[in-house]
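Work through these exercises with the sequence and the 3D view side by side. Try each task before reading its solution.

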Amino acid sequence: MKTIKFIAASARKSSAGAVFVAILLAGCSALPSPPSRPVHYDFGPGAMAPVAGDRRAPLPPLALADVEAPGLIEGSTAVLYRLAYADARQLRPYTQARWSQPPAQLVQQRLRDQLGQRRAVLTLESGGAQARAGGKLPTVLRVDLEEFSQVFTSAAQSAGLVRLRATLAEPAQAGERLLGQRVFIVQRPAASADAAGGTRALAEATDQVAQELAQWLEQLGR
């Protein structure tokens, strides 16, 4: 009889233990999962092999000022989009997507890469140092990034939109002399209606803007 009671007691303890483990596991499964980290995008690795030398004569040096983005929050890396079919005036950020750097910095690097293929591209500080050393002040290019977003014309169709204002000026004793100003607007269709498609379309649009800007400078003889 004692043996039977002992077995019954052991069975009850095992059953209670199993119930406790089940409750513990259920409680663990009910805990909130840690939030996923945002995906970071940039414009890609750029040139992955040396570019063939350009046989044309090099262009004069150019001082590229820091690209300004007056319509964006300073330092923000949010990937922005607009729903043109609902309210095109509202900029919306993707919650799980970020740029690796603020868009103005990404655009500036792309412009420097494109313009630097045929000329030396300086900063305003290095241009000033050249002048103090007795050299000629280089022409100054200032760029305002006015729009940099993925624009949805419908729930399934969107495009990367880049609009920038370029101002070219020549340093003078009394300040700067305006040589030209132009607004560049480029749209590239997005392959998918999400952040991945939008960021790729914006990178492609920026590349095209950089090429058009370089051509414009050559037309001005700069």
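**Exercise 1. Find the residues with the most contacts inside the largest nonpolar core, and the elements that supply the core.**

Solution. Step 1: this core holds 38 residues, and Leu111, Leu141, Leu145, Phe148 and Leu164 have the most contacts inside it. A nonpolar core is a set of buried Ala, Val, Leu, Ile, Met, Phe, Trp, Tyr and Cys residues joined through side-chain atoms within 4.5 Å; buried means under 20% relative accessible area (1.4 Å probe, protein chains only).

Step 1: at least two core residues come from each of several elements, among them β6 (139–152), β7 (158–172) and α4 (195–219). α4 gives the largest share, 10 residues. Helices (H or I, at least four residues) and strands (E, at least two) are DSSP runs, numbered from the N terminus.

The model is predicted: local features need pLDDT of at least 70, side-chain atom pairs count only at pLDDT 80 or more, and totals for chains, interfaces and linings use all residues. Residues are numbered from 1 along each chain as its sequence is written, and side-chain values use heavy atoms, without hydrogens and water.

**Exercise 2. List the contacts of Leu141 beyond its neighbours within four places in sequence.**

Solution. Contact means heavy atoms within 4.5 Å. Step 1: look for Leu62, Ala63, Leu64 and Ala65, which are among the partners of Leu141.

Methods: Buried < 20%, exposed > 50% of the residue type's maximum accessible area, 1.4 Å probe, protein only.
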